[in-house]
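User: Could you walk me through this one? I'd like to start with a sheet, then a helix, then a chain contact.
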Amino acid sequence: MSRGMSRGVSRTARRRLPLNAGAALVFVLSAFPVYWMILTAFKPTPEIQAETPVFWPSSLTLEHFATAARADGFAQFWRNSLLVTLTCVVLALVVALGAAYAVARMRWKGRRAFVLMVFVAQVAPWEALLIPMYVIARDTGMLDRLPTLTLIYFMITLPFTVVTLRSFLTGIPVELEEAARVDGCTRSQAFRRVTFPLLAPGLVATSLFGFITAWNEFAFANMLIIKNQDDRTLPVWLSSFSNVFGTDWGATMAASTLFALPVLLLFLVLQHRVAAGMAGGAVKG
Amino acid sequence: MNRPASAAGARPGPPGDGPARGRLGLRGLRNLWPYLLIAPTVVGAVLLLGYPLVRNLLMSVQEYGMGELIRGDAPFVGLANYWEILSDPELWEVVHRTLWWTGLNVLLIMVLGTLVALMLERLGRVMRIVVTSGLVLAWASPVIATTTVFQWLFASRLGVVNWALTRLGFASFENFSWTANGRAAFVVLLLLVVWQSVPFVAITLHAALLTVPAELHESARLDGAGAWRIFRSVTLPILRPVFGLVLCLEIIWVFRCFVQIWAVTGGGPDRATTTLPVHAYRIAQSLHRYDLGAAVSTLTVLLLLAVLIPYLRRMLRQEAEE
Amino acid sequence: MKIRIIAGLSALAAAAALTSCSSGSSSDEGDGPRRITVWIMKDSVTDDFLARFTKDFEKDHPGLDLDIQIQEWNGIGEKVTAALAGNDAPDVIEVGNTQVAQYAASGGVKDLSDKVAELKGSDWLPGLAEPGRIDGKQFGIPWYAANRVVIYHKDHFAKAGVKELPKTRDEWIEVTEKLNSDTVQGIYLPGQNWYTLAGFVWEDGGDLAVHTQGPWKGSLHTPEALRGMKFYKELQALGKGPRDSDEAEPPQAEVFAKGDVAQMIAVPGGAKIIEQANPGLAGKLGFFPVPGNTAGKPGATFTGGSDLIVPEASAHQDAAYQVIAALAGDTWQRDMARTMSYVPNRTSLASVIQDNEGTAAMAAAAAHGRATPNSPQWAAVEAANPIKEYMTAVLTGQDMAKAARKASEDITKTLNS
């Protein structure tokens with residue numbers, strides 16, 4: 001019996017070889033640049049700029065992280081970015097949730113037009129709106145303030161958040177809610193007790209898109225924060241790594257790693273929910 | 001724009017399934033619920049997107065440069081800005097290039113994404129988790145960080161790519177400068193964007209594949225259908241809606257892609273990687289011709305909408321059926 | 001109808017909420033000292049110089065509190081524009097002499113013509129004063145200038161047996177060939193150091209752009225300009241400078257500091273940054289003017305430098321002028337010339353730098369210093385620099401004449417747009 005099984009396994013393994021080889025290739029190609037970034041951050045300096053690239057360092061060092069963290073203003077800009085990004089994400093979620101619920105669960109006049117508007121809003125030419133946005137902020141006295149950035153990032157992320165949340169909502173059977181209402185819940189109670197818990201992972205997953213967008217934004221942060229240097233965000237400060245750390249690639253990559261870290265961690269934990277939600281909603285819709 | 005608020009204002013909405021057991025039994029208020037729920041979105045969109053867009057449109061029919069930005073008064077010039085950019089032969093090159101850029105990228109992204117998704121479905125559990133993690137790493141890394149890494153990987157001296165290619169026997173890649181040659185720079189950007197985008201497509205499509213009931217495959221196989229037949233007649237129809245959505249999003253994202261291009265090549269060498277968003281930004285920020293930049297961006301939006309029209313129409317039809 | 005009104009009302013309410021946030025900002029006119037914000041570009045002057053200046057200035061002006069903000073180069077054009085167009089701008093801004101014209105022409109900069117006599121503007125360096133002047137009005141106040149010289153590593157010269165410093169281009173190539181080996185780069189010249197190319201082009205009688213009557217015309221394709229490029233190519237090959245980036249990426253001083261580079265082209269102040277990065281090189285650095293075609297006189301070079309401007313939107317324009325008067329005045333000009341190895345803003349102060357090897361080399365070349373074409377649009381040319389692309393194209397083996405013609409057309413188009 002054991003002999004038969006091992007033969008079966010080896011046959012499947014042989015059949016699966018091309019498939020697994022392809023999988024390995026995909027893994028290497030997709031992960032390598034990130035691996036290279038993190039690796040460089042931990043490499044001893046002499047091995048970083050070598051004529052023959054060192055793919056596996058002889059030893060690891062934390063020295064570059066120390067350099068990056070010691071750099072002037074790192075903590076301050078990190079805090080600003082976190083503040084702006086989180087506020088924008090929460091705001092977008094709350095606002096989008098209402099809209100997504102109205103679209104997914106209610107029938108009303110103008111619904112189609114609204115859905116179309118939200119979808120088309122994703123086409124907005126944000127780089128081109130830099131100057132109009134600057135003029136508006138100036139004329140309303142909103143220059144040089146982090147809340148202005150928060151509002152803009154909120155609007156950049158809102159359409160996608162509505163579309164995705166709506167997909168998630170559509171994916172949750174409406175019958176569950178209806179059953180709860182038959183049991184005597186009000187509509188809002190039914191939503192809170194039944195749908196919301198099911199939606200929670202989707203909310204977190206959706207917010208990651210907003211997080212990435214706001215976390216990365218440079219152009220508005222550069223032009224709208226002028227005199228209050230302490231209000232600068234991380235991308236502005238890191239925009240040109242070579243300005244901050246010169247040829248110190250170790251420190252540059254350490255700073256990049258620290259910059260990427262929160263997003264990477266959140267995503268690794270939550271990615272399958274994002275995809276499942278998008279797919280589920282779209283399949284149904 | 002057909003704003004929902006005004007559309008609804010014309011005629012009271014049909015009795016929908018508002019909060020049936022709401023504490024306030026007033027019928028009018030019940031019908032207001034959906035509008036109250038979308039109000040923040042609409043207000044936000046009007047103030048933070050609609051109004052800036054109107055200002056942008058206004059700017060495109062004014063003479064608006066650095067002086068006007070500072071002093072504040074800008075004379076109207078009608079459609080002069082549009083004539084100026086439309087009569088510039090460079091614009092047509094850029095439009096042409098943008099369509100190529102979008103088409104090529106989206107094609108590669110969708111094909112590779114689908115293949116990877118199909119592969120994921122067939123992988124064992126461990127391997128699937130490994131590959132998915134790799135994809136997620138590429139997907140979630142902030143653009144600023146990965147763009148820096150890519151620039152370094154493709155550096156002419158001490159870049160890993162040149163080292164590897166030289167090792168593989170392509171001696172001409174020793175100290176090859178990727179950003180000096182238009183086509184090579186285009187390739188680098190293509191790789192960067194495809195690399196960043198495939199994970200989203202693959203993971204989403206894979207999730208959609210999981211919703212295909214196994215029994216369907218089974219019965220198709222029992223009917224004697226081959227792998228390709230099963231894919232075409234069972235998998236594809238179920239995948240189609242997700243595929244449409246993802247395709248549409250990718251078109252929007254690739255068409256609008258700016259940060260990567262600007263950071264890696266700045267639109268060069270010799271404009272070889274200048275797409276519409278880069279063109280608009282260059283005109284506005286380098287030449288300080290905000291009026292021309294606004295006009296180009298208006299055209300960009302129109303062009304993008306034109307590309308998307310088939311999908312938008314389908315989407316509207318679907319919404320109507322629901 | 002009702003809903004439209006409600007939507008309109010809530011929009012208004014939100015707008016009111018937005019504007020109400022804005023009140024109550026920037027009222028620092030209380031009892032405390034007034035805060036004067038000064039923007040200085042990164043690496044313009046040392047931290048130490050700024051600290052000394054701040055301390056001294058605040059002592060002399062008890063009511064003023066200096067807030068010096070160091071600006072990064074990346075995205076600076078947008079940022080200065082935003083500052084000039086804003087309501088609450090910084091009070092003094094340092095801008096490069098190739099950039100100042102566009103800002104002066106924009107109407108956002110305060111006209112300081114009435115202060116020229118007080119600042120002894122009669123012998124300002126023309127390369128700094130002219131771009132800051134539009135229609136006879138002085139908007140930009142000259143701050144400092146610097147010419148490019150050759151910084152060399154004395155040990156490598158000794159080891160290669162170079163006894164005499166090169167005086168002509170031919171000698172220079174000969175010496176550099178001798179220096180260049182497997183372990184030592186004869187010269188580190190990145191492919192896109194267009195300031196250096198500009199010097200070569202001028203030395204050969206060409207120019208970047210010309211205008212006699214009427215519109216500007218890019219002129220990189222003229223035979224004279226092509227000779228300059230040919231020389232650049234010849235020189236660039238005698239080292240490992242990347243062909244597709246400029247002197248800032250990677251910072252060439254740091255490359256030099258690694259010790260295996262024999263020469264580089266930079267302002268004399270670059271030597272300080274090298275020594276800072278590698279103290280072991282202190283005392284081993286020498287300077288000589290960029291050689292020209294003939295032994296008699298050094299080659300033409302680009303004069304870089306900065307002007308100081310006061311935005312119209314500054315809330316403290318008088319105090320801002322006090323800062324400029326101090327920075328552009330004799331005391332701090334002498335101090336800066338010595339600590340930073342810069343050329344002072346007035347020719348009569350040039351004697352300050354005669355006793356220093358680096359600045360002496362610079363002063364010798366200063367007589368042949370040139371500036372970029374004096375057009376407000378020149379900054380736009382630099383913003384998406386076709387000259388850099390042209391250089392990389394030539395250095396990577398593309399047809400020189402063709403690439404030059406393309407670059408010229410590009411410059412023509414931008415200058416006249």
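The chat below takes those topics in turn.

User: Before that, what kind of model is it, and how are things numbered?
Analyst: It is a predicted model, in which local features need pLDDT of at least 70 and side-chain atom pairs count only at pLDDT 80 or more, while totals for chains, interfaces and linings use all residues. Residues are numbered from 1 along each chain as its sequence is written, with chains lettered from A and ligands numbered from 1 in the order in which they are written.

User: OK, which strands make up the open sheet in chain C?
Analyst: The order is E10-E7-E11 (chain C), with antiparallel pairing; strands are DSSP runs of E with at least two residues, helices are runs of H or I with at least four, and both are numbered from the N terminus. Two strands pair if DSSP finds at least two bridges between them.

User: And which strands stand at the edges?
Analyst: E10 (263-266) and E11 (285-289) of chain C do, each with a single partner strand, so one side of each has no neighbour in the sheet.

User: What does Ile151(C) bridge to in E11(C)?
Analyst: Its bridge partner there is Phe287(C), and E7 (residues 149-153) of chain C pairs with E11(C) over five bridges.

User: Switching topic, how many residues of H16 in chain C are buried?
Analyst: For helix H16 (residues 386-395) of chain C it is 10 of the 10, so the helix is largely enclosed by the rest of the structure; buried means that 20 or more other C-beta atoms, placed from the backbone, lie within 10 Å of the residue's own.

User: Last one, how many residues does each of chains A and B put into their contact?
Analyst: Chain A gives 77 residues and chain B gives 90, where contact means C-beta atoms, placed from the backbone, within 7 Å. On the chain A side, H12(A) gives the most, with 16 residues.

Definitions and conventions:
A residue is buried if 20 or more other C-beta atoms lie within 10 Å of its own, exposed if 12 or fewer, and partly exposed in between; C-beta atoms are placed from the backbone. Two residues are in contact if their C-beta atoms, placed from the backbone, lie within 7 Å.
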